[in-house]
Amino acid sequence: VLKAIKRRNLPLETVADMIATLRGDGINMPLFTELILGLPNETRHSHIEANKTMIDLGAEVFNYNLHLLPGTEMDTGDSRAAYFRRTGWRLHDNAFGIYDGVKVFEGQEVVLETNTMSMKDLRSFRFIHFLIQFMWSRKWYYDYLHLMRRAGIHPVDMMVRIAEAFATDDGEMGRLHARFAADHGLENFATFDDLSTFWSEEDNLERLRGGQYGKLNYVFTYDILLNHYDAFNDFLAQVSRDMVAECDIDDEETFLEQCTEVLAFSRELRVTLTESMDMVESKRRSYNFDLLAWRQSGYHGQPARIATGDRFEYEVYLPDRQRSVLDRQ
């Protein structure tokens with residue numbers, strides 16, 4: 001891929017060594033990366049492996065689809081003929097308005113099919129990318145994915161499986177996936193004129209004005225958190241049971257109990273608002289496993305039970321600084 005696009009990156013081993021050195025000196029150095037889907041010579045397998053490599057390094061991973069910028073080498077006729085089989089148009093984020101009575105839109109030409117990846121394969125990554133950002137990089141289900149990893153299930157493989165389960169579900173999650181797919185379908189107009197005609201229609205333009213259409217990852221992150229959180233957790237629990245049934249896990253019952261508690265723990269970490277929009281300052285919940293110690297160990301091994309058979313009780317609260325920030329927002 002790098003040879004085809006005539007680019008060289010800083011070697012991954014060098015980056016990993018730098019991170020290790022900084023962390024060894026007590027500097028909590030986060031690692032952040034962006035990957036582009038649709039580049040020449042990229043395959044489904046290589047893209048999945050790239051995501052796995054970065055997650056194995058503990059990186060926050062954000063994926064984007066390649067769009068062709070006018071004047072760049074990939075926009076030339078030779079490059080298009082060699083590498084790109086199909087392109088489409090989507091609205092650039094929030095790039096619309098009415099000026100002197102004229103409806104104006106800005107679009108991006110995105111790659112839909114390449115010399116090594118079919119349109120079906122390339123488009124199938126859209127929901128997987130959403131899950132990677134939502135569950136891993138934004139850490140809404142970071143603990144849960146680490147638990148899957150302890151069972152020998154890679155976080156990327158888990159999120160691919162979750163995406164497949166969404167696509168075939170006939171319930172609440174299936175309906176959410178259908179809405180996601182419908183909005184994703186608005187990212188592949190055949191021409192820029194088609195894009196402009198569609199968004200110029202009053203109902204569609206009003207949807208843009210009202211904020212009902214925008215960055216898919218953000219729109220559906222908040223949709224799940226605010227409207228489908230319990231159903232999403234139940235869905236994850238079911239997918240977990242299905243995956244565990246296929247894996248060689250010594251104590252399936254204990255592992256599924258850990259899954260239940262990790263998902264409950266994640267719920268308590270969310271800021272809770274009352275109906276009057278006041279923040280709940282403190283919450284308590286007890287658990288059979290020491291999830292906090294497991295977290296602080298860097299997710300080493302499995303969460304441990306308390307030796308005496310008692311339960312761990314945690315208090316989750318808002319520090320003054322965080323509460324101050326939330327109050328201002």
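Guide: A helix here is a DSSP run of H or I with at least four residues, and a strand is a run of E with at least two, both numbered from the N terminus. Ser137 has its place in helix α4. The model is predicted, with local features requiring pLDDT of at least 70 and side-chain atom pairs pLDDT 80 or more, while totals for chains, interfaces and linings use all residues. Residues are numbered from 1 along each chain as its sequence is written, and side-chain values use heavy atoms, without hydrogens or water.

Visitor: How many helices and strands does the protein have?

Guide: The protein has 14 helices and six strands. Its C-alpha atoms fill a box of roughly 70 × 50 × 45 Å along the principal axes.

Visitor: Why does Ser137 count as buried?

Guide: A residue is buried under 20% relative accessible area, exposed over 50% and partly exposed in between, with a 1.4 Å probe and protein chains only. Ser137 has 4% relative accessibility, so it counts as buried. Of the 329 residues in the protein, 41% are buried.

Visitor: What does the side chain of Ser137 reach, and which residues is Ser137 in contact with?

Guide: The side chain of Ser137 reaches the backbone nitrogen of Val61 at 2.7 Å. Contact in general means heavy atoms within 4.5 Å. Apart from neighbours within four places in sequence, Ser137 is in contact with Glu60, Val61, Phe62 and Ile132.

Visitor: Why is His228 called buried?

Guide: The relative accessible area of His228 is 12%, and therefore His228 is placed among the buried residues. His228 belongs to the loop between α10 (216-227) and α11.

Visitor: What makes a polar contact with the side chain of His228?

Guide: The side chain of Arg179 does, at 3.4 Å. Setting aside neighbours within four places in sequence, the contacts of His228 are Glu172, Met173, Leu176, Arg179 and Asp223.

Visitor: How do you know whether Leu195 is buried or exposed?

Guide: Leu195 shows 0% relative accessibility, so it counts as buried. This residue is found in helix α8 (residues 192-200). Beyond its neighbours within four places in sequence, Leu195 is in contact with Trp89, Arg90, Leu91, Phe105, Gly107 and Phe189.

Visitor: What separates the C-alpha atoms of Leu195 and Gly88?

Guide: Their C-alpha atoms are 9.6 Å apart, although the two residues stand 107 residues apart along the chain. For the protein as a whole, 70% of the contacts with a separation of 6 or more join residues 24 or more positions apart.

Visitor: Why is the span of α11 said to agree with expectation?

Guide: The expected span of a helix is 1.5 Å times one less than its number of residues. For the 18 residues of α11 this gives 26 Å, and the end C-alpha atoms are 26 Å apart, so the two values agree. The buried residues of α11 include Tyr229, Phe232, Leu236 and Met243. Among the elements that cover its buried residues are α4, α7 (172-184), α10 and α12.

Visitor: What is the span of α12, and what covers its buried residues?

Guide: Helix α12 (residues 252-269) has 18 residues and reaches 26 Å from its first C-alpha to its last, close to the expected 26 Å. Its buried residues include Phe255, Cys259, Leu263 and Phe265. Their cover includes α5 (142-150), α11 (229-246), β5 (282-287), α13 (291-296) and β6 (312-317).

Visitor: What makes a space a cavity, and how many of 30 Å³ or more are found?

Guide: A cavity is a set of points, on a 1 Å grid over the protein atoms alone, where a 1.4 Å probe fits but cannot get out; lining residues have an atom within 4 Å of a point. Its volume is the space filled by probe spheres set on the points, which are joined across faces, edges and corners. A search of the whole structure finds two cavities of 30 Å³ or more. The largest has a volume of about 50 Å³, and its lining is Asn65, Arg90, Val110, Leu112, Arg123, Arg126, His184 and Glu187. The elements giving two or more residues to that lining are β4 (102-114) and α4 (119-137).

Visitor: Which element gives the most to the lining of the second largest cavity?

Guide: Helix α4 gives the most, with four residues. This second largest cavity has a volume of about 30 Å³, and its lining includes Ile48, Phe125, His129 and Val156. At least two lining residues come from each of α2 (44-56), α4 and α6 (155-168).

Definitions and conventions
1 Å grid on protein atoms, 1.4 Å probe; cavity = no way out; pocket = protein on both sides within 12 Å on 5 of 7 lines; lining within 4 Å. Polar contact = N/O pair within 3.5 Å; in protein donor to acceptor, adjacent residues only side chain to side chain.
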